[in-house]
Amino acid sequence: MKKTTGTDRSVTRNWRPATRAVRGGTWRSEHGETSEALFLTSGYTYDDAQTVADRFAGDAQGMTYSRLQNPTVAMLEERIALMEGAQGCRAQASGMAAMTAALLCQLSAGDHCVAARAAFGSCRWLVDHLLPRFGIETTVIDSADDAAWEAAIRPNTKVFFFETPANPTLDIVDLAHVCGVAKAHGITTVVDNAFASPALQRPMEFGADVVAYSATKLMDGQGRVLAGAICGSEEWINETLLPFQRNTGPNIAPFNAWVVLKGLETLELRAHKQSENAVKLGEFLEPRVQKAGGHMLHPGLPSHPRHDLATKQMDATGPIFAFDVDTRERAFAILDALELVDISNNIGDARSLMCHPASTTHAGMEEDARTAMGVTEGLLRINVGLEDIADVTEDMDRALAVAGI
Ligand SMILES: *Cc1c(COP(=O)(O)O)cnc(C)c1O
């Protein structure tokens, strides 16, 4: 396979972000194809036995088996690493495969992990149920309380794990502060950056060690495939992540990697336009929601307690926000009255989608824990898409009226 400048860091590191998103990581085969090739192959063949022996010994570069390397997957990994400003990246089968691998690859029985209370339901399941089963202690804190992070540290604390903005309550973590506390104590930060994507927020610029993704969300952005990714230093990837990943196999399929590669080409445009649309819709909804006694949870609006911090550490505040009404019945009435916006629990999609977290994304949690993190019975979460925002606004306007708001 012929290498192009897309994989030469001495060239690509000088590219600006939009260029990296379109061209970073591109390898071309002998055919010189314009679009990235899809290598649907599980294995590789070799000209002679010594070649493969050298590759397995680590003395020569080259593919050996698609659980270890695949050209299409490698292109995705290089592109995400470039966009993130990371030394390395490894793609994963899904966002949850990424979160699981990022935690289990480095935590052992007797270690302690401090995690944000506001988090995606499955991320909380890892913290509340999976890690403790293997003798890993966990403490869940209010991630927007800056002092809580240091206060939760124990002699055996190894990892801080959090999302910002968090799903679905849009809590914002002060990245520079929390990563600084972690660094001072030799703790590794694992940031789930799914709500922002590297187009809107690059946690490593604020000192994060590991950035993990559901690439299902903004990176694909068109609701097609499950995908995930983990970014880190070359040393951390090679010595900590890869021994786990190569032997447990949470790999992404080359086809799914290819779909996400194509999604990344338009990520910058989509993420910024959807953020803009989300602010417009939020501004329209806020007085209506507040008049009905509800709250807007939208980092792009001045009413968010961490609006200034969000706009400082993010390039734009993203397509997702939440608000609450008084009861589940009223929340369902709004969803059922929508004509354009779909009832769907995905996010990052080019389509506007709305869901009721308490009965969907966070239904697996105990009610007490769910309420403590702000996922009330009346909470609704919306992903604002790329439709004309006037049409989305009219749909919401009508749905709220039907529900008596
Ligand atoms: C969706 C999501 C995940 C899980 O990603 P999948 O690709 O669905 O496995 C993890 N974290 C956050 C914040 C998410 O929104």
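Start with the largest pocket, which holds about 1500 Å³ of space. You're looking at a predicted model, where local features need pLDDT of at least 70 and side-chain atom pairs count only at pLDDT 80 or more, while totals for chains, interfaces and linings use all residues. Residues are numbered from 1 along each chain as its sequence is written, and side-chain values use heavy atoms, with hydrogens and water left out.

A pocket here is an open set of points on a 1 Å grid over the protein atoms alone, where a 1.4 Å probe fits, with protein on both sides within 12 Å along at least five of seven lines; lining residues have an atom within 4 Å of a point. Points are joined across faces, edges and corners, and the volume is the space filled by probe spheres set on them.

Select Trp-27, Gln-61, Met-63, Gln-69 and Ala-74: of the 47 lining residues, these lie nearest the centre of the largest pocket. Next, colour α3 (49-56), α4 (71-84), β3 (88-92) and α9 (234-248), the elements that give two or more residues to this lining. Helices (H or I, at least four residues) and strands (E, at least two) are DSSP runs, numbered from the N terminus. Which element gives the largest share? That's α4, with seven residues.

Now hop to the second largest pocket, about 330 Å³ in volume. Select Met-96, Phe-120, Asn-167, Ser-214 and Lys-217, which lie nearest its centre among 21 lining residues. Helix α5 (residues 95-104) gives the largest share of that lining, three residues.

Last stop: colour domain 1 (2-264) and domain 2 (268-402); both give residues to the lining of the second largest pocket, so this pocket lies between them. The domain bounds come from an automatic or database domain assignment.
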